[in-house]
Amino acid sequence: MEKNKALDALAALGQETRLDVFRLLVKAGKEGMTAGAVADALEVRPNTLSTHLAALSRAGLVQAERDGRSIHYSSDLTTMQFLVTYLLQDCCGGNPELCAPIADLFTSGSCSKARAL
């Protein structure tokens, strides 16, 4: 991932509503959710949500897929994977053992430990 793309993704996630939208879409899985369902779940006005979805989409964190008259939005976990890899690429100054707690969260098959962070 290029530095500017990482900055775009971090900037998009650096806003409370957009972070909530992304996390909700991660939970929704591959089926995603319609904009209306996201707006209802997060109690956000539809026109405001549209702006946030556009910012997440430009950053490559959200995908939109038309299904008849509806558009389903889903998270793009590939972009998130690239972002996390970019951030941890030179993990701990060449001392990967210092990054072990982060790696353990993912190798254990459960990210629930990360909620405490």
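How many bridges join β2 to strand β3? Six bridges link β2 to β3 (residues 70-75), and these strands run antiparallel.

## Basis of the report

This is a predicted model, in which local features need pLDDT of at least 70, side-chain atom pairs count only at pLDDT 80 or more, and totals for chains, interfaces and linings use all residues. Residues are numbered from 1 along each chain as its sequence is written, and side-chain values use heavy atoms, with hydrogens and water left out.

## Overall architecture

The chain has six helices and three strands; helices (H or I, at least four residues) and strands (E, at least two) are DSSP runs numbered from the N terminus. From the N terminus on, the order of elements is α-α-β-α-α-β-β-α-α.

Of the 117 residues in the chain, 29% are buried, that is, under 20% relative accessible area with a 1.4 Å probe, counting protein chains only. The chain exposes about 8,100 Å², of which carbon and sulfur atoms supply 52%; areas come from the Shrake-Rupley method with a 1.4 Å probe. Among contacts (heavy atoms within 4.5 Å) with a separation of 6 or more, 53% are between residues 24 or more positions apart.

## The sheet

The three strands form an open sheet in the order β1-β3-β2, with antiparallel pairing. Its edge strands are β1 (33-34) and β2 (62-67), each of which pairs on one side only. Two strands count as paired if DSSP finds at least two bridges between them. Arg 66 stands opposite Ile 71 in β3.

## Helix α5

Helix α5 comprises residues 77-88; its twelve residues should span 16 Å at 1.5 Å a residue, and the end C-alpha atoms are 16 Å apart, which agrees. The expected span is 1.5 Å times one less than the number of residues.

The buried residues of α5 are Thr 79, Met 80 and Leu 83. They cover an arc of only 100 degrees around the axis, so they are on the same side of α5; the arc is that of the directions from the helix axis to the C-beta atoms. These buried residues pack against α1 (3-13) and α2 (16-28). At the start of α5, a side-chain oxygen of Asp 76 comes within 3.0 Å of the backbone nitrogen of Thr 78.

## Thr 51 in helix α4

Thr 51 belongs to helix α4 (residues 46-58). A polar atom of its side chain lies 3.4 Å from the backbone oxygen of Asn 47. The C-alpha atoms of Thr 51 and Arg 18 are separated by 9.4 Å, although these residues are 33 residues apart along the chain.

Methods:
Buried < 20%, exposed > 50% of the residue type's maximum accessible area, 1.4 Å probe, protein only. Polar contact = N/O pair within 3.5 Å; in protein donor to acceptor, adjacent residues only side chain to side chain.
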